[in-house]
Amino acid sequence: MIIPEQAATRIEPERQSLAPRGSLRSRIRQQRLLLVLLIPGLLFFAIFHYAPLYGIIVAFKDYIPPLGIVGSPWVGLRNFERIFRLGFGLQVIRNTLVISGLKLLFVFPAPIILAILINEIRRKRTKRIIQTISYLPHFLSWVIVAGMVIELLSPSRGLYGVIARAFDWELTVPMADTRYFRSILVVSDIWKSAGWGSILYLAAIAGIDTDQYEAAVVDGASRFRQILHITLPGILPVASILFIFQVSDILEVGFDQVFNLMNPAVFEVADVLDTYIYRIGLADGDFGYSTAINLSRNLVALVLLLAANWISRKVTQYGLW
Amino acid sequence: MASGRRIRSRGDRLFQWSSVTLLTLFCITIIYPFLNQIAISFTTELEARALGHLRIIPAPEHLSWNAWRAVVNTPRIWISFYNTLWRVVVGTPLALIATYMMAYPLSKKYLVGRKLWIGIMVFTMFFSGGLIPMFLLIRALGLYDQRLVYVLPGLISAYHVIIVRNYLLNIPESLEESARIDGANELQILTSIIIPISKPIMATIALWIIVGHWNAWFDSLIYIRDPGKKVLQTILRDLIHFSQRGQTGSLGEGLMEDLLRAEGLIPPETVKSATLLIVTIPVLFAYPFLQRYFVKGITIGAVKG
């Protein structure tokens, strides 16, 4: 009868753990289950992520549908030149940068402020309720949120109309007013994303050493000063990383939001790169030009991302990889 | 965090009071739009259009079921509801399985070519072909105007794979080791040990995918032409923007006829609200119960920094 300990010592550890041992062929054979599992996923990425890359050459062609990609004539960089020539291209870029900039200024700090405020709540139940309510808009689509916003801002039917009349403001249609549209974008984005964004910061705040607070209390610091000098520096690492990557994302304005809130009356300030790419490409059918803008945008975004990662590593020792 | 039996100065109490007030106001701004929509959906079209002074507190003078009756009697809304359900029910399990099949091998440090596969996957997170190339591909694959287009192009999200993979990496190796010593083979280890242990993270991912499918509207807009295959969100979007611009969009003649028959007015604000609520209420309803899984999910398996 074999005693278990004896049986165990006779087994070679390497074979048990499938660690790299033996030729490539034998390792592949050993891991065949794993590799087979990988096949559908790789196939998926090949088809839906890498195959479209071929379509990028449309940017260099004058795409004529009946001729297909291969048959359409080459035009080299002409589509790219158009970005700067017509004036629309530059306006769109300007809008993108302006809206992104506004969001950096106003939407980025919102979850931080919210987290700090929520953190001040003493009673657990109240805290949980407020948090739950605050995340809710994150789970709604922009179709829904835009619908609600449009309704509320209607001068004839909505809350805006009621308040404007009560205070005798100049009545306008905010959604169609180039003066207000960007503010609508910013405020609605805060509404929708601040709650969910605060989760991360609340976790960061929770990680701050409580001794610091106690020391501050002993020193007689008010709650407000405590926040200023302990909490804020405490979340600075997290905030910095997020900020750096947010800046690198400056070309990404949030297609869903803008697309659902915009209307022709505000194109001048609302048309951003992604909506422009969509309109030119799918609505107007100019595939070449649309792809050219898209490609340019993606390349710039990639460069910005790499730069952000490099900066982030230098400043905070953290990066995406 | 140390909570206070400590002496609170007036400044402290003022600060406390104002932060609670701000938060309450914030929560009110979140709840209010829903109340507003509910109120509109339960009133008559005439009142919905008029400027009601009662509107600051959404309480309509005339209650009416008209909008809801109209919605119930509009086949196209039910059809799109079905399409949304279809994509959730078909898309979610497929996505879960596909994601897991990708994440599991990648979590094995000894996997042949591991860095290569991960690199292939991660690259797609940072660069893509773009709108038109994707559109051309969908057409070329024969997915245009097919419901499968809801399920296939977005089947695996590299981000989800990474999260599941991190979760799997955190499973102690001893679990697998002892199973191997007991003689289990690769497949048995996977099915009887690893998969059951992965339930929490898969539940979280499942929720994310479900919400994603429920809220999806753009693919329905650009890849689907047949109104009978459109998703609820897209129908809602057309309703909203029809009111704005008077274009039929993908609504087609059929839907407007249905709606006009019910309400007799163009465009029906109350029906718009009712439809919006149909799309929103399932989320509102499920949300309180499922919320903590979402929150937990961000921290489970997610790499910080």
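View 1. L141(B) sits in the loop that joins α6 (131–140) and α7 of chain B, where helices are DSSP runs of H or I with at least four residues, numbered from the N terminus. With 41% relative accessibility, L141(B) counts as partly exposed (buried means under 20% relative accessible area, exposed over 50%, partly exposed in between, with a 1.4 Å probe and protein chains only).

View 2. The buried residues of α5(B) are W117(B), I118(B), M121(B), V122(B) and T124(B). They cover an arc of only 150° around the axis (taken from the directions from the helix axis to the C-beta atoms), which puts them on the same side of α5(B). Exposed K115(B) and L116(B) are carried on the face turned away from that buried side. The cover over the buried residues includes α4 (32–54) of chain A as well as α4 (75–106) and α7 (158–169) of chain B.

**View 3. The surroundings of K229(B).** K229(B), in the loop between α11 (218–223) and α12 (232–245) of chain B, is buried, with a relative accessible area of 16%. Residues up to four places away in sequence aside, K229(B) touches N83(B), D145(B), Q146(B), R147(B), Y150(B), S220(B) and I224(B) (contact means heavy atoms within 4.5 Å).

**Notes.** Residues are numbered from 1 along each chain as its sequence is written, and chains are lettered from A in the order in which they are written. In this predicted model local features need pLDDT of at least 70, side-chain atom pairs count only at pLDDT 80 or more, and totals for chains, interfaces and linings use all residues, while side-chain values use heavy atoms, with hydrogens and water left out.

Note on methods: Helix = DSSP H or I, 4+ residues; strand = E, 2+ residues; numbered from the N terminus.
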